[in-house]
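Work through the exercises below with the sequence and the structure in view. Each task is followed by its solution.

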Amino acid sequence: MNDLSRPERLQIMLTEEELAALDDWRFARRMPSRAAAVRELLKRGLAAEGVALQGARAKSSDYGVIESKAEPGDGTAS
């Protein structure tokens, strides 16, 4: 087995609507995979609850091929 930087695996079940929403969100942000999108959403949800993750390195925007637009209400401008 190769040396993974994320050695823990989490399996979740989603409805068709949840999966479609995840894929729409992911593609709009040029995320490289569903897993990357889920990690980013998890990180954002935890941050909204005041939980800081140790060792957070990359943002999902680092994976985009074009400059991303600011999301409504995120307090940033592009």
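A residue counts as buried when its relative accessible area is under 20%. The model is predicted.

**Exercise 1.** State which residues of H2 are buried and how they are placed around the helix axis.

Solution. Apply the cut-off first: the buried residues of H2 are Ala 36, Ala 37 and Glu 40. Next, look down the axis of H2: these residues fall within an arc of 100°, so they line one face of the helix. An α-helix has 3.6 residues a turn, so residues three or four places apart point the same way. Finally, ask what lies over them: H1 is part of what covers the buried residues of H2.

**Exercise 2.** Describe how the axes of H1 and H2 are arranged and which residues make the contact.

Solution. Two packed helices are described by the angle between their axes and the distance between the axes. The axes of H1 (residues 16-28) and H2 (residues 34-48) come within 10 Å and cross at roughly 90°. An angle of 65 to 115 degrees counts as roughly perpendicular, and H1 and H2 are therefore roughly perpendicular to each other. On the H1 side, the contact is made by Leu 19, Leu 22, Asp 23, Trp 25 and Arg 26. H2 contributes Arg 34, Ala 37, Val 38, Glu 40, Leu 41 and Arg 44. Sorted by type, the residues of this contact are 6 nonpolar, 5 charged and no polar.

Notes:
Residues numbered from 1 in each chain as written. Predicted model: local features only at pLDDT ≥ 70, side-chain atom pairs only at ≥ 80, totals over all residues. Heavy atoms only, no water. Axes fitted to C-alpha atoms, helices over the stretch in contact; angles between N-to-C directions. Helix = DSSP H or I, 4+ residues; strand = E, 2+ residues; numbered from the N terminus. Parallel < 35°, antiparallel > 145°, perpendicular 65-115°, else oblique. Contact = heavy atoms within 4.5 Å. Nonpolar A, V, L, I, M, F, W, Y, C, P; charged D, E, K, R; others polar. Buried < 20%, exposed > 50% of the residue type's maximum accessible area, 1.4 Å probe, protein only. Arc of directions from axis to C-beta.
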